[in-house]
Amino acid sequence: MRHKAFPAAFIISVVLTLGSGCVRAAQPVPSPQLERGWQLPGTGFTLGGYATENFTVKKNRPWELSTEDLSLFIGWEGTGKLKFFSELSLEDALIFRQPGTLTTSHRSLAFERAYFDYAQSERLNFRLGKFLTPVGHWNLIHADPLVWTTSRPLITNYPFPTYATGAMIYGTRTVFGKELDYSMYASSGQEIRGNSNQDAFDSAYGLHLTYAMPRSGQLGFSYVNFTQKSDAANLQNLFGVDYLWSRDRYELSGEAIYRVSSRGRAWDEKGAFVQAVMPLSERLYGVGRYEYFRQAGLLPGVSLWVAGLAFRITPTSVVKAEFVHGVNNQINAPEGFLSSISVLF
Amino acid sequence: MRPISLLHVTIILLIWGGCAISIGWAAEEPLAVIVQAGQTKLNLGRSELAAIYRRKRNYWDDGTKIQAVNLPVENPARRAFSKAILGYAPEELEQYWNDRYFHGVLPPYVLSSEEAVLRFVAETPGAIGYVPYCDVDKRVSVVLVISAKGHVNGSATDILCPK
């Protein structure tokens, strides 16, 4: 992958260097009070990111303190219709484990995202590059400071590759007086510095819709037809629905997926989760989640119960702690005590 | 019990008046949504304005980039605008902006005062902002009026501004 990354980075650098000259320096620039990210004055560039430190005591495993994620965002937006966004992520950079061993051998550096957007209008935008696979809601906002638990529901990353490299069209339309966000995408399986832990798409065609419901809710639908690198002959069709409601600091969300395999029913995967969040004080929240997931193969489905707390230090930083209890957990999904502190910057 | 004297009433009125002056905006005063002077042919309603301030809509019909500006979170006009147009107080939108920021979308610029908004909108093609109705002058055009009750109108009637 390393040899493919260099030409991509070179092209990106050239386009950005040329593009940054198009920023109208003569235009009056306000003195903004930025709430997130750091904008380099007069260039159109924004730098930001997030970091997460985990402390976990998983069932039947030693305790572990790890620098789970260190992500850097680089965005560029001029006065025209072209913009760029990338996320470079360093995962598991440092792990300190019982009885006192320190290791950096699990670290991995990957481009989680790197894409150009061209905005024809708010109804029609074009994206080219590596982007998050638009399946469900969680995968699209999976950064630790944005979610309520340290653990991630299995159905949000087990049944499909969470990144795709290819082309997408997306936009927002008004339907029955409410916003409908859509995205349609295709991937030929090329990767820009991929994550070695992930079985990437060999090819994929997908659609994602999100409709703004009355009373602060939104309903989503996902579909992907895909094959993966490890088994390109196994054609899979994934269907998903997701729901999110939030009001007055309460939140209710859920997702469900069903993945149909061309190899037969034993290779199908299915699952769902429902999560509730309620405020306990000005900054403290209680979180509860139930998840069911049945992986491809002959093992029975696993149920995971999560009960936790999240303390919002600021709107962009959070401390989380939770207990995860599994039933029929023969796929070794993480159980036990999980905690983290994460900051979006 | 001592009766309330004229002095007491005067002190109370002075304190009340001082507060009203210090926040720069009275709750019963409408807000004016403003653009650069002369740009009045904009097809704007509440939903279009909401899409602009949630940065879902980023271009005017002629292709010019929309440069939306906000007042600071603690400004009463910002709070009234946010509730009337977006349906939430600014702090309730923190999660929304965190999510959008994760996708490289930044919230509208925040300018420190009503005068800063007027100047920026007057000098920047494609800019849009809001200020208390009586702060508007000839440097900008009013495209919408938001009443104290949150109703959105194309124009203002029966509004008397102190001279």
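This is a predicted model: local features need pLDDT of at least 70, side-chain atom pairs count only at pLDDT 80 or more; totals for chains, interfaces and linings use all residues.
Let me start with chain B, where buried residues make up 30% of the 163 residues.

When we take the contacts in chain B between residues at least 6 apart in sequence, 67% of them join residues that are at least 24 apart.

How are the six strands of chain B arranged? They form an open sheet with mixed pairing, and the order of the strands across that sheet is 3-2-4-1-5-6. The edges are taken by strand 3, residues 109-110, and by strand 6, residues 152-153, each of which pairs on one side only. For an antiparallel example, look at strand 1 (residues 31-36) and strand 4 (residues 127-132) of chain B, which are joined by five bridges; here B:L31 has B:P132 of strand 4 as its bridge partner.

Now for the helices that lie across this sheet. Helix 3 of chain B, residues 76-86, lies across strands 1, 2, 4 and 5, and it runs at about 115° to strand 4. Helix 5 of chain B, residues 114-123, also lies across strand 1, strand 2, strand 4 and strand 5, with an angle of about 150° to strand 4.

Which residues of helix 3 of chain B are buried? They are B:A77, B:A80, B:F81, B:S82, B:A84 and B:I85, and these buried residues pack against strand 1, helix 2 (46-53), strand 4 and strand 5 of chain B. Just after this helix comes B:G87, which takes a positive phi of about 85°.

Why does B:I34 count as buried? It does so because it has 27 C-beta neighbours inside 10 Å, where the cut-off for a buried residue is 20 or more. If we leave aside the neighbours within four places in sequence, the contacts of B:I34 include B:V121, B:G129, B:Y130 and B:V131, and also B:V136, B:V140, B:S141 and B:V142. As for B:W60, which is 26 residues away from B:I34 along the chain, the C-alpha atoms of the two are separated by 14 Å.

Finally, let us turn to the contact between the chains, which takes 25 residues from chain A and 23 residues from chain B. On the side of chain A that touches chain B, the residues divide into 12 nonpolar, nine polar and four charged.

Within chain A itself, strand 3 (residues 64-77) and strand 4 (residues 82-91) pair in the antiparallel sense over nine bridges, and a hairpin of four residues joins the two. In this pairing, A:L72 stands opposite A:L88 of strand 4. Strand 4 of chain A also pairs with strand 7 (residues 108-119), again in the antiparallel sense, over 10 bridges, and there A:K83 stands opposite A:D117 in strand 7.

How values were computed
Residues are numbered from 1 along each chain as its sequence is written. Chains are lettered from A and ligands numbered from 1 in the order in which they are written. A residue is buried if 20 or more other C-beta atoms lie within 10 Å of its own, exposed if 12 or fewer, and partly exposed in between; C-beta atoms are placed from the backbone. Two residues are in contact if their C-beta atoms, placed from the backbone, lie within 7 Å. Ala, Val, Leu, Ile, Met, Phe, Trp, Tyr, Cys and Pro count as nonpolar, Asp, Glu, Lys and Arg as charged, and the others, Gly among them, as polar. Two strands pair if DSSP finds at least two bridges between them. Axes are lines fitted to C-alpha atoms, for helices over the stretch in contact, and angles run from 0 to 180 degrees between N-to-C directions.
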